[in-house]
Amino acid sequence: MGRIAQLSELVANQIAAGEVVERPASVIRELLDNAIDAGATKIDVTVSGGGLTRMEVQDNGCGMDEDDLVLSIIRHATSKLRTMDDFRKLHTLGFRGEALPSIASVSHMILRSRVEGHPGGIELRVTGGEKIDQAPIGMARGTRVTVEDLFYNTPARLKFVRSLQTEVSHITEVVTKRAMAYPAIAFTLKVDGKLTFLTPGSGDLTSVFLSLYGADVTKRALAVHGVRPDLRVHGLIGAPQDARTARHAMWFYVNQRPIRSQALQYAVIEGYGTALFKGRYPLTALFLEMDPALVDVNIHPSKLEVRFSEEQDVRDAVTRAIQAALMTGLYIPDLSEKESPVDELLQLRERPHDDAYLSKQLAISDADGVDRMSYSASHHVQDSDAGGYESQSREGEFRQTCQVYTRVQSASSSPSTPLGAELAEALTRTPAREQTVSQEPVDDLQDRARLRPIAQALTMYVVAEDDEAVYLIDQHAAHERILYERFMKMAGAGTTQEQELLVPLTYSLTPAAFLRVMERITDAKRMGLVYEPFGEHDLVVRAVPLWWQGIPLDRMVQETIDTFLEDEGADQKTWEKRVILRACKAAIKANQRLSMMEMQALLDELSTLQNPFTCPHGRPTALRIGRDRLEKEFRRR
Ligand SMILES: Nc1ncnc2c1ncn2[C@@H]1O[C@H](COP(=O)(O)OP(=O)(O)OP(=O)(O)O)[C@@H](O)[C@H]1O
Ligand SMILES: [Mg+2]
């Protein structure tokens with residue numbers, strides 16, 4: 001007698017369930033995907049006992065008729081795919097026909113569904129994958145799936161479930177991630193009878209961001225728009241200061257499917273560049289829209305990982321889109337708390353139970369939320385050189401601004417000197433203000449040139465004003481930023497000039513360090529740092545980059561050697577950037593009194609920078625307190 005027999009449908013389903021249904025959150029994920037694929041505009045999720053006791057997902061989608069409902073719990077039965085050709089053009093989240101049978105095989109499940117035009121719905125009760133009852137019921141169009149006693153018949157799996165709270169947090173993550181991808185669907189999540197999350201379904205991404213991160217973060221968020229012929233990158237990203245210490249808030253979607261991708265995380269972090277502290281991860285809700293044929297979604301059982309056929313291209317596009325968003329959308333942190341549509345939306349979150357209030361707020365959120373983002377999209381113009389990205393409106397004006405900037409900046413490209421001397425030197429140049437004054441202000445970059453110094457506070461902050469606000473400027477952060485941009489410009493100029501040392505510097509290194517430093521001898525030469533081996537492990541430095549002038553040389557050489565040791569394998573560009581960061585640190589002086597003239601020079605030069613509002617390490621350089629806020633604080637209004 002043969003030893004081989006076909007597994008029963010039930011056993012096969014339970015085995016498949018091991019992959020598909022890892023924990024309660026996997027059930028929610030699959031049920032949400034089905035509701036979304038069914039075209040729902042409202043999805044309500046209810047959970048109790050960490051999802052183990054009961055989970056329910058109700059939608060107002062297309063529903064299933066009696067035949068389909070019965071088929072839906074049969075393995076490999078799907079309405080979403082017929083041939084492999086369909087798979088290549090896939091636009092639905094589901095495609096395997098495995099989710100419902102897998103869930104049904106490890107729980108008590110009740111499916112209720114009604115299609116448009118049918119007088120009533122059908123209820124199907126399934127236990128451990130076996131249909132036990134089927135009956136007509138009255139219900140509205142859509143589907144409601146209830147899953148009770150998950151893993152009741154697979155005790156081994158139950159053991160792997162962590163605390164109920166952990167499971168709830170996984171479920172919340174699944175729901176919020178889906179909600180972000182589908183702002184036009186109104187989601188609610190109720191956990192143990194309490195409404196914990198809701199989105200208005202207004203179609204506006206900002207409203208979902210707000211539901212998740214609150215008003216302050218949302219007000220500071222930046223819109224990303226990058227379009228190339230074969231790829232669209234869009235979404236919202238948090239300001240550098242709102243970055244988190246872990247990656248959990250970096251969300252990515254490919255064709256609206258939430259995915260995990262280290263490659264995209266790197267691409268985003270690269271896009272933020274020095275605006276971000278090391279070890280900080282920005283909030284992102286980034287959407288990639290591309291031809292489904294260029295991305296494989298079938299490499300992971302829970303469909304979380306994807307493979308791009310042109311990964312490097314995708315990475316570059318993301319980095320550029322982030323850079324463009326940050327370049328055009330940087331702001332000064334504003335202490336003025338103006339009432340804004342975002343505040344109103346926020347109240348929605350705080351008072352979700354009041355229905356009349358809710359519908360009023362929903363009406364507002366729709367128009368206002370969209371307004372806000374479209375404002376930032378059209379107001380902040382993209383760099384038209386960003387590799388084929390579609391530039392937004394006002395391109396001409398932006399170019400004009402760029403020209404002014406180039407002029408001012410090239411005037412300032414002189415080697416660095418200590419702060420006082422440098423400011424004095426800055427004063428001998430034509431102030432940026434005069435160059436821009438003849439032009440209509442084309443964006444707020446130029447408005448900044450009108451800052452007037454009032455005083456220096458605590459030998460650290462320049463107090464300044466324009467017609468509408470008072471500013472506190474961290475003089476050292478600002479100076480560091482000025483030096484950084486200047487050095488970057490000089491280093492990026494291509495031919496780096498070197499300065500020969502009258503007295504060569506010698507260093508004694510450990511054998512390992514010596515080897516690494518020697519490996520980098522040509523990279524260093526390209527930057528203007530010339531050295532050679534001396535004796536067994538010693539190093540003699542003969543020339544340094546010209547732009548190091550005014551920076552303590554000994555310290556710079558040490559710092560540069562450190563970058564060789566720390567950034568093993570880093571490419572030339574990354575490494576140079578690191579050296580420049582260190583140079584900026586080495587060049588600025590702590591606690592220094594500034595004269596009015598020096599302060600004015602600092603403000604003027606700051607106003608010419610590409611990114612005046614964060615120092616190279618991502619700290620803010622300036623705070624703004626608006627007239628409104630002052631009037632409010634002093635009860636003048
Ligand atoms: N909420 C729903 N509304 C309407 N139809 C549904 C719903 N849920 C499931 N279905 C139908 O049942 C079928 C089976 O669902 P199931 O989730 O098992 O497979 P799938 O979604 O096709 O693929 P996958 O296993 O990748 O999720 C679906 O193809 C769909 O036709
Ligand atoms: Mg499915």
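What follows is a walk through this structure, from the overall picture to a few strands and helices.

This is a predicted model, so local features are reported only where pLDDT is at least 70, side-chain atom pairs count only at pLDDT 80 or more, and totals for chains, interfaces and linings use all residues. Residues are numbered from 1 along each chain as its sequence is written, chains are lettered from A and ligands numbered from 1 in the order in which they are written, and side-chain values use heavy atoms, with hydrogens and water left out.

Let's begin with the whole chain. The protein has 24 helices and 22 strands; helices (H or I, at least four residues) and strands (E, at least two) are DSSP runs, numbered from the N terminus. Of its 637 residues, 51% count as buried, where buried means under 20% relative accessible area, exposed over 50% and partly exposed in between, with a 1.4 Å probe and protein chains only. Among contacts (heavy atoms within 4.5 Å) between residues at least 6 apart in sequence, 70% join residues at least 24 apart.

Now find strand 3, residues 108-114. Five of its seven residues are buried, so this strand is largely enclosed by the rest of the structure. Strand 3 pairs with strand 4 (residues 121-127) in the antiparallel sense over six bridges; two strands pair if DSSP finds at least two bridges between them. Within this pair, Met109 has Val126 as its bridge partner. The two strands make a hairpin with six residues between them, and Gly117 in the turn has a positive phi of about 85 degrees. Strand 3 is also joined to strand 6 (residues 142-148), antiparallel again, by seven bridges. There, Leu111 stands opposite Val145.

Strand 18 (residues 469-474) meets strand 22 through five bridges, one of which pairs Ile473 with Ala622.

Next, look at two helix pairs. Helix 2 (residues 24-37) packs with helix 7 (residues 164-181) at an angle of about 20 degrees, with their axes 8 Å apart. These helices are therefore roughly parallel to each other, a label for angles under 35 degrees; over 145 counts as roughly antiparallel, 65 to 115 as roughly perpendicular and the rest as oblique. Residues of helix 2 in this contact include Ile28, Leu32 and Ile36, while those of helix 7 include Ile171, Val174 and Val175. By class, the contact has eight nonpolar, one polar and four charged residues; Ala, Val, Leu, Ile, Met, Phe, Trp, Tyr, Cys and Pro count as nonpolar, Asp, Glu, Lys and Arg as charged, and the others, Gly among them, as polar.

Finally, helix 21 (residues 553-566) and helix 22 (residues 572-587) pack at about 145 degrees, with axes 10 Å apart. Among the residues that meet are Arg555, Met556 and Phe564 in helix 21 and Trp575, Val579 and Arg582 in helix 22. This contact divides into six nonpolar, two polar and seven charged residues.

Methods:
Axes are lines fitted to C-alpha atoms, for helices over the stretch in contact, and angles run from 0 to 180 degrees between N-to-C directions.
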